[in-house]
Amino acid sequence: MARRFLFVLGSARPDGNTELLARRAAEQLPPDVEQRWIDLAAHPLPDFEDLRHDSDHVRPTEGNVALLLDATLAATDVVIASPLYWYSVSAQTKRYLDHWSGWLRTPGLDFKAAMAGRTLWGVTALAHEEPEVADPLVGTLNNSAAYLGMRFGGVLLGNGSKPGDVRKDTEALARAKTFFAQEAPLARFPYEAG
């Protein structure tokens, strides 16, 4: 199966440090690997409505929800490119992940089985020098991947606050060169490790 990467941009600022780092990593992908970039600010999703005890979700056929659903299902690799906002993913990114809950309950979709075995990656820029502050973001992505039986390639962390700052993070730029080349293990919940 040919690899198809979906880059989901979750920043509130266009061309920010997270996107810059994601694009730097994507430059290293082989030319035959398809890349699709969707900016959640340009394609906003409505608030997620939890219907699981009231009625079935209906597969969206138009609008941004349908766009994101179809792009997600078409991807072999989903890259969440979200800056670290209050120690986790951005509101736009969280809303996208919340919609996964509805897709899990959409008749005929079998979202969980469709996503099993695919790979989830993360890219984030943070203003702290200490990478541990991004642990909640990493946990959100890892646990989401584990729940769906996906592989998890980890999170490429870069340091930057003002636009363009991440260009000064030479270690992050070096990691970006090989980030997508690494083998992504099957995601496991923390309680399963050991």
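**Strand pairing and aromatic contacts**

Arginine 4 has glutamate 34, in strand E2, as its bridge partner. The model is predicted: local features need pLDDT of at least 70, side-chain atom pairs count only at pLDDT 80 or more, and totals for chains, interfaces and linings use all residues. Residues are numbered from 1 along each chain as its sequence is written, and side-chain values use heavy atoms, with hydrogens and water left out.

Strands
- Strand E1 (residues 4–9) and strand E2 (residues 34–39) run parallel and are joined by 6 bridges; strands pair if DSSP finds at least two bridges between them.
- Strands (E, at least two residues) and helices (H or I, at least four) are DSSP runs, numbered from the N terminus.

Aromatic pairs
- The structure holds 13 aromatic pairs, meaning rings of Phe, Tyr and Trp (its six-membered ring) with centres within 6.5 Å; planes under 30 degrees apart count as stacked, over 60 as edge-to-face and the rest as tilted.
- The phenylalanine 7 and phenylalanine 180 pair is edge-to-face, because the ring centres are 5.9 Å apart and the planes stand at 80°.
- Phenylalanine 7 is in strand E1 and phenylalanine 180 in the segment after helix H6 (170–176), so this pair ties together parts 173 residues apart in sequence.
- Phenylalanine 7 counts as buried at 0% relative accessibility; buried means under 20% relative accessible area, exposed over 50%, partly exposed in between (1.4 Å probe, protein chains only).
- Tryptophan 121 and phenylalanine 179 also form an edge-to-face pair, 5.2 Å centre to centre with 65° between the planes.
- Both tryptophan 121 and phenylalanine 179 are buried.
- A cluster linked by ring pairs holds Phe5, Phe7, Trp37, Trp121, Phe179 and Phe180.
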